[in-house]
Every structure is written in structure tokens, then in C-alpha cells.
Protein chains: 2
Amino acid sequence: MIKVVLFDLDDTLVDTTKLAERARRNAVENMVKHGLPVDFETAYNELLDLINEYGSNFSRHFDYLLRRLDLSYNPKWVAAGVIGYHNTKFTQLKDVKNAKKALIKLSSMGLRLGIVTDGDPIKQWEKILRLELEDFFEHVIISDFEGVKKPHPKIYQKALKLFGVEPEEAVMVGDRLYSDIYGAKNVGMHTVWFRYGKRKNSDLDYREYADFEIHDLLELPKLLEGLRNEESSNKEVHAHR
Amino acid sequence: MIKVVLFDLDDTLVDTTKLAERARRNAVENMVKHGLPVDFETAYNELLDLINEYGSNFSRHFDYLLRRLDLSYNPKWVAAGVIGYHNTKFTQLKDVKNAKKALIKLSSMGLRLGIVTDGDPIKQWEKILRLELEDFFEHVIISDFEGVKKPHPKIYQKALKLFGVEPEEAVMVGDRLYSDIYGAKNVGMHTVWFRYGKRKNSDLDYREYADFEIHDLLELPKLLEGLRNEESSNKEVHAHR
């Protein structure tokens, strides 16, 4: 009997990739507006290369962008980038389409909800609090805080322990086949691959670990309803044997 | 003949102290709202002590606040603090009363304007750009970027050199008697002490270095008008001798 639904955060509940792209565009636009002597496309593509090489959590993107463009350091341009980036992040942070509707529906079905996510704990909590998602979730488990990353079994086992349920009583929902789906299946949980955003076609080797695939979070309530009914009819069959 | 007016930034053009206080209050309020098990006054006073000891640019205020309150680390509370702080900083950043009016008036009098400020260059530029003050100023000199701090003469000499004027052709306006007024007078500039904010009664030993004291930035145009007239009549007297 499914009792607990665990969600990944980025690109499952929070529209992170879209936001980051918008924020980077606005950062570069604001830098050009304040005198960066390079056209938008050149600067933007250089920034994407840089993020690709140094990772999206590197804290000196705009400094390094100037270096890569052979420009001398100018704190005004960096500040313009920071403003463009932050203004977007703070005003345009959005939950994924139908996320709240799905959470409300699942709660009303008596399911207990949790988040299991990678990432910087403070930044992840910022997203949760800013979107006012907090009250839906009994536990928020952030891997960096635990010292392991998904798909490490420990993070999923920790979640199960916190909820006090067995693996087969829990479902993991996430956009990443390797981290979310393979990881959760590995400890015996049910898995729902949310085929969404930039991971839509990533890690397809791990697709076999997904029990279900959805394209819209509103498919979840019905799917879990079905899974519950199936289980209870299986039990009946058992009882009649 | 006065040609150039140099301004300090924090608490002269930008209402920094008021903003910081509001931001800290909102940070603690948001932490309490999200479950920090301490009353507002206790937490806020502890934060003020902490800032007093570690400085306002210390980057781990909220972490350390939890330690000082003997609470275990909780990224949710830190995130709540960060959100409260940033929301305030980004939405309530204000220029000092009459700052823009005074800048417009001084510009229309043909005076050339500059900023000479301490502080982190990116953060200082963020304030300037967010308040759209940039276009008023021919040069922005930020001491941390030059490797010296006010009242070091180098920072003032650098400003004079950038404008290509003699010390007696420039006025420094600032809220800090030691850094702004003593520093600028030391290199031979005219000085206007803006008696405003938390420095209203600080460093009074250096008061003798202030040629003028004002309580409102709108006093500046008239004052500088008077100074110009006085100089030109002095010149006439000279000429008639």
C-alpha cells in the first residue's frame, strides 16, 4: 500500500532550468546595457561555455566571463550581471505547471509527501520557502546536508526511515533517470519518471528502472490511485486463495 | 573655482544604515516565522551582537546566529533569514532624501560629479545601478578596487587626477568626519560634512576639518553657489589690488 510520495525538487517541482536560462539572458543583457563592449550573442554564448566547463554553481561566472572576452575587470559590469541574474531569480521563480494542484490532490488522498533533492541546502530551502511549498511536506531531505548525493542508497534509506515506511510503501517522482529513478528503484521503491525539461532524453539507459512515465504532474493522483486499487485487489486475490 | 563635487556613497547618497536595519529585522522575523524556536527580540539582539563582533560584511551571520543561540544547524532557518534579508535589500533600497534633486541641480550648475567610496566594488556598483544614479557621475572611485581605504590620500589624489583638477577645485561631501572630511581636507579639498544617519555624532574630534555642515543634501547647491561667488569676488578683489 503506497503511503508516501517523494519528490525531486529541481525540474520536478521547481522550474529551475527555465529560470536559470532566463536569469542568464537577463544578466548578459544588463551587462551589455551598462556598457559591456561585446554584442549579446557573443557574450551569452561565452557564458554558456563557461557554465558548461565550470558548472552552474561556480560563484565567479561574471568575473571569468570578462577574462574570457579579453576585457579588463570592471566591477560595474559584474554588478550589472549580478542584478540581472538576481532580479530574475527572485521575481520569476515558478513551480512546475500543475505542481501545486497535484500536491493538493495527493494530500487529500491521505498520502504523506516528502522531498529528496541534491544541491546546496540553503539554496534548496530558499526555493521551497519562496514558492510556499513547505507546508505540503513532512520531511525535506537534502543530500548535500547528509554528505551523499543521489543515487546513493543512503539518501533514499534515510527518507524511508524518517517516514517510517518500507520501500514498497513509497514512490519516488523525479526528472532524472539515473539519480532519481535508478536510485530509488535500487532500494526497492516504486518509481515515476517525470519526463520534463532538459533531462527528457538523458540517461535513457536507465529507463527500465522507471515503473511509470508521466509528462504532467497531474497524472500522478490518478496513477497512484490505480496503483493502490491494484494492490488492494491483489491482496483480495491473496485472501481468496 | 569649484568644478568638481565628490560624494561618499553609503549614508550620503544611499540610505544604507536604515536599509540594513530593516533587512536584519525582516531576516529574523522570517526565521521566527519559519520555526526558529526563539522569540524575535532575543534572536535580533543576538544578531546585532554578532554583527558588532564580526562586522557587517561577514558572510555567515545566520549560521553563527544559530550557534550562538545553541540551536542545531538548520538550512531552512538560514534560508528564511537570507530570503528576509534579500527581499528587503532588493525592494527597499532607497536614495537619501533629496539626493536626486540635489544631483540634478548640481549638474545643471555645470558641476562635474563623482563618487569616492569604500566597500566591495561589486556591491557598491549594485547600489549605484539599482538606484539609477550612474549617469550623474563622471567617475566612480571605489577604494577596495584601488587597494587603499579612505582617508588614505591616494584615493582622493586618484579622484582629482581622474577629473584633472586641483584640490581647491573640488569639494568632498560625506557623512564620516574621519574618512571623508579629514581625508579630503588632508589633500587640500573643500569639505562638506553631511551630518546624517548613525555617524551624526561620530569622530567629532575631526569636526574642524569640515568647512561646512549640512543636514539636507538640498543645501548643497546654494552652498556651492555661494562658494563660487565668494571665490570670484575674491578674484576681483585680487584683480583690483
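Met172(A) stands opposite Thr191(A), a residue in strand 5 of chain A. This is a predicted model, where local features need pLDDT of at least 70, side-chain atom pairs count only at pLDDT 80 or more, and totals for chains, interfaces and linings use all residues. Residues are numbered from 1 along each chain as its sequence is written, chains are lettered from A and ligands numbered from 1 in the order in which they are written, and side-chain values use heavy atoms, without hydrogens and water.

Strand 5 (residues 190-194) runs parallel to strand 4 (residues 170-174) in chain A, with 4 bridges joining them. Strands here are DSSP runs of E, at least two residues, and helices are runs of H or I, at least four, numbered from the N terminus. Two strands pair if DSSP finds at least two bridges between them.

The open sheet in chain A has 6 strands, in the order 3-2-1-4-5-6, with parallel pairing. Which strands stand at the edges? They are strand 3 (139-142) and strand 6 (212-214) of chain A; each has a single partner strand, so one side of each lacks a neighbour in the sheet.

Now the rings. Tyr178(A), Tyr182(A), Tyr206(A) and Tyr209(A) form one aromatic cluster. Rings of Phe, Tyr and Trp (its six-membered ring) pair if their centres lie within 6.5 Å; planes under 30 degrees apart count as stacked, over 60 as edge-to-face and the rest as tilted. Over all chains, the search finds 23 aromatic pairs. In chain B, the ring centres of Tyr178(B) and Tyr206(B) are 4.9 Å apart and the planes are at 55°, so this pair is tilted.
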